[in-house]
Amino acid sequence: MGKRIISTVALWSLLACLLYFWRLTAAVWLITVLAVVAQNEVYNMARNLGWKAYRVLGLIIGGCLPLATYYEEFLHNYTGGVVDDATVMAVGFTVCALASIRNREIKDNFQRIGGTFFGILLIPYMLTFFIRIVELFPHESMGLAAGIWVVIVGKFSDVGGLLFGSWLGKNKMAPKISPAKTWEGFLGGIFTSATLGFLAVFLFPDYFPTGFKPWIAAICALPIAAMAVLSDLIESVIKRQAEVKDSGKSIPGIGGAFDLVDSLLLSAPVAFILLSFFAY
């Protein structure tokens, strides 16, 4: 627990410094690095399961996706509107399909291409929604505040779930997937996220749109936190099948990059949709 707390404090401090000095550009490159490392961890676990993937091609495509999303206007200007994140996906799929021609075993080809794009869609593509959230808003400071708000709501559903589950947990939520999770912890995690989502907007109203009132923030936090728990369960399924405790060992007390971003993957697109109603 001590290592986990130290790592959490260090990561939040690093995030604050990066955003303070380099703002969205720093966030984009941080997302890119985390996405590639987490995607590589997924491929490692997939290998333990006997799955196959075009690892190098997948990581290149995954690394290009957040950058193509952020630098979309630059790419449009210099390529006549041809290159964007959709083009990256299309070209990546084409290259993988061409690479599969070498192998005439159709089952193996489906497995490799499917495994490659499972990693791309699950990690880098989902994380691009944080860039899209920031770009929803007319002012970068407001967009960054919205992105941080989503991270707080998503990550603290896990913390709240742990605390309430340890205190009140009796009824197992998914005993075959994650034996430690309970329905009491699930509700406690959602309550924690809604409370922090409310407080963030209540304490710093100038950083959020005028229509995004604290009580609205608390309500919006409910589905985002619920998706964060489900996102965490998906990772638990993969780890349990691969028979590993953590996705990696790069972050003391937490595990790997996949362990760090797991709860943000499904919650990011939900938050993007909800926040789009308040962006303008």
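Which residues lie nearest the centre of the largest pocket? Here are some notes to read alongside the structure, which is a predicted model.

1. **The largest pocket.** To take that opening question, Leu11, Trp12, Val151, Lys155 and Leu260 lie nearest the centre, out of a lining of 41 residues. The elements giving two or more residues to this lining are H1, H5, H6 and H9. H1 gives the most, with 17 residues. The space in this pocket comes to about 1000 Å³.

2. **What its lining is made of.** Sorted by class, the largest pocket is lined by 33 nonpolar, four polar and four charged residues.

3. Two or more lining residues come from each of H6, strand E2 (178-182), H7 and H8.

4. How do the residues around the second largest pocket divide by class, and how many are charged? There are 12 charged residues, alongside 11 nonpolar and 10 polar ones. If you are colouring the model by residue class, do set this beside the largest pocket, with its 33 nonpolar residues.

5. **The largest nonpolar core.** This core has 55 residues, and Ile123, Trp149, Phe212, Phe258 and Leu275 have the most contacts inside it. At least two core residues come from each of helix H1 (2-48), helix H5 (106-136), helix H6 (140-168), helix H7 (183-203), helix H8 (214-242), helix H9 (257-261) and helix H10 (267-275). A further core lies apart from this one; it has 13 residues, including Tyr43, Val88, Ala99 and Ile113.

6. **Phe258 and its neighbours.** Leaving aside residues up to four places away in sequence, Phe258 touches Ala38, Glu41, Val42, Met45, Leu122, Ile123, Glu235, Ile238, Ser247 and Leu265. One of these partners, Ile123, is also among the residues with the most contacts inside the largest core.

7. How many cavities of 30 Å³ or more does a search of the whole structure find? The search finds one, and the largest cavity has a volume of about 40 Å³. Val42, Tyr43, Ala46, Trp51, Lys52, Ala53, Gly115, Phe118 and Gly119 form its lining, to which H1 and H5 each supply at least two residues. By class, that lining has six nonpolar, two polar and one charged residues.

Technical notes: Residues are numbered from 1 along each chain as its sequence is written. This is a predicted model: local features need pLDDT of at least 70, side-chain atom pairs count only at pLDDT 80 or more; totals for chains, interfaces and linings use all residues. Side-chain values use heavy atoms; hydrogens and water are left out. A nonpolar core is a set of buried Ala, Val, Leu, Ile, Met, Phe, Trp, Tyr and Cys residues joined through side-chain atoms within 4.5 Å. Buried means under 20% relative accessible area, exposed over 50%, partly exposed in between (1.4 Å probe, protein chains only). Helices (H or I, at least four residues) and strands (E, at least two) are DSSP runs, numbered from the N terminus. Contact means heavy atoms within 4.5 Å. On a 1 Å grid over the protein atoms alone, a cavity is a set of points where a 1.4 Å probe fits but cannot get out, and a pocket is an open set with protein on both sides within 12 Å along at least five of seven lines; lining residues have an atom within 4 Å of a point. Grid points are joined across faces, edges and corners, and a volume is the space filled by probe spheres set on the points. Ala, Val, Leu, Ile, Met, Phe, Trp, Tyr, Cys and Pro count as nonpolar, Asp, Glu, Lys and Arg as charged, and the others, Gly among them, as polar.
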